[in-house]
Amino acid sequence: MKEITCETIAAAVEQLCIEAATILPPALGILLECAAESEESPAGISALEDMVTNFKHAAERAVPICEETGMVVVFADIGQDVHITGGLFEDAVNEGVGRACALGFLGKSIVEDPIRRRNTKDGTPCVLHMRLVDGDSVKLQVSPKGFGGENMSAMRLFSPGDSADTIEDFIVETASRAGADICPPVFVGVGLGGTVEQCANIAKRALLRNADTRNADKFYEQMERRVLGKINELGIGPMGTGGRYTAIAVNIEACPTHTTGLPCVVNISCHATRHACMIL
């Protein structure tokens with residue numbers, strides 16, 4: 001039985017929150033650089049070049065990529081042979097988030113109640129997804145989620161008889177509705193199947209997959225490519241300036257569902273789709 005202290009967890013989350021806020025995932029950065037080189041719209045080229053300059057400066061100076069540092073989402077895969085000591089796991093995760101908020105100059109954007117809206121003043125609590133897995137390690141993935149994209153996300157409960165084309169149209173419609181409001185080119189995470197809450201979870205997890213990695217299932221790989229092409233045909237372009245790149249990637253994840261169901265969640269994210277990972 002491996003022991004991991006709550007202090008170790010808090011320190012790891014603190015580090016990951018700052019890393020995720022300041023360093024864009026390499027694969028996404030490369031795709032943005034490639035887009036800047038192949039974009040045809042002069043205004044779009046300028047916008048993409050500014051994005052590239054911005055994320056490089058952020059990493060060099062250890063400052064947030066964007067002033068909207070989002071709501072922290074933590075995915076924790078906890079090995080069943082791990083013993084957490086020194087407190088509660090969830091408390092340790094939020095301790096790390098709070099420290100990072102102060103140390104990394106991250107936005108204090110969380111309110112403790114959705115209606116009364118009193119600010120918690122330390123960026124907590126985060127959204128924590130935990131699952132028990134084999135082994136004696138803890139995998140932490142931290143993903144600060146900006147609410148420009150979150151507010152443009154959507155869900156639809158399709159009929160089991162609806163076609164892939166119908167689902168694709170819904171994904172494209174969601175990206176079209178978002179327009180230029182979420183700093184495109186966007187990163188689109190799609191969840192299919194499960195129940196309502198599971199579908200939303202896998203849509204968010206889809207954004208953790210590298211932007212240059214397609215679904216291993218050929219059916220969904222082709223679907224990802226088709227949807228990406230359709231979104232980029234919208235002509236919204238980088239920062240709404242027009243051009244080829246309205247989306248940078250579409251990641252689709254699917255899971256088993258009920259014979260009478262076909263849930264779909266589209267989780268939209270801006271070009272600064274941030275995340276960081278550590279294994280303890």
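Author: The model is predicted. The lining of the largest cavity divides into eight nonpolar residues, four polar ones and no charged ones. Those residues are C17, A21, T69, G70, V72, V97, C101, L106, G107, I110, G123 and P144. Two elements, α1 and α4 (89-103), each give two or more residues to this lining. The space inside the largest cavity comes to about 90 Å³.

The count of cavities of 30 Å³ or more is two. The second largest cavity holds about 40 Å³ of space. Around the second largest cavity are P25, A27, L28, F187, R209, N210, A211, T273 and H275. This lining is made up of five nonpolar residues, three polar and one charged.

Next comes the open space. The largest pocket has a volume of about 320 Å³. Its lining consists of 22 residues, and C66, C183, C270, H271 and A272 are the ones nearest the centre of the pocket. The elements giving two or more residues to the lining of this pocket are α3, β5 (138-145) and α5 (147-150). By kind, the lining of the largest pocket has 11 nonpolar, seven polar and four charged residues.

Helix α3 covers residues 42-61, and its 20 residues, at 1.5 Å a residue, should span 28 Å; the C-alpha atoms at its ends are 28 Å apart, so the two values agree. The buried residues of α3 are G44, A47, L48, M51, V52, F55 and A58. Because these residues cover an arc of only 135° around the axis, they are on the same side of α3. The other side of α3 has P42, D50, E60 and R61, which are exposed. Among the elements covering the buried residues of α3 are α1 (6-22) and α2 (26-38). Of these, α1 also gives two or more residues to the lining of the largest cavity. Just after α3 comes A62, with a positive phi of about 55°.

With 15 residues (164-178) at 1.5 Å a residue, α6 should span 21 Å, and its end C-alpha atoms are 21 Å apart, which agrees. The buried residues here are I167, E168, F170, I171, V172, T174, A175 and A178.

Last, a single residue. K204 is part of helix α7, which runs over residues 196-206. Its relative accessibility is 12%, and since buried means under 20%, K204 counts as buried. Apart from neighbours within four places in sequence, the contacts of K204 are V73, F75, K145, E150 and N267.

To return to the request, the spaces described are two cavities of 30 Å³ or more and the largest pocket, of about 320 Å³.

Notes:
Residues numbered from 1 in each chain as written. Predicted model: local features only at pLDDT ≥ 70, side-chain atom pairs only at ≥ 80, totals over all residues. Heavy atoms only, no water. Helix = DSSP H or I, 4+ residues; strand = E, 2+ residues; numbered from the N terminus. Expected span 1.5 Å × (residues − 1). Buried < 20%, exposed > 50% of the residue type's maximum accessible area, 1.4 Å probe, protein only. Arc of directions from axis to C-beta. Contact = heavy atoms within 4.5 Å. 1 Å grid on protein atoms, 1.4 Å probe; cavity = no way out; pocket = protein on both sides within 12 Å on 5 of 7 lines; lining within 4 Å. Points joined across faces, edges and corners; volume = space filled by probe spheres on them. Nonpolar A, V, L, I, M, F, W, Y, C, P; charged D, E, K, R; others polar.
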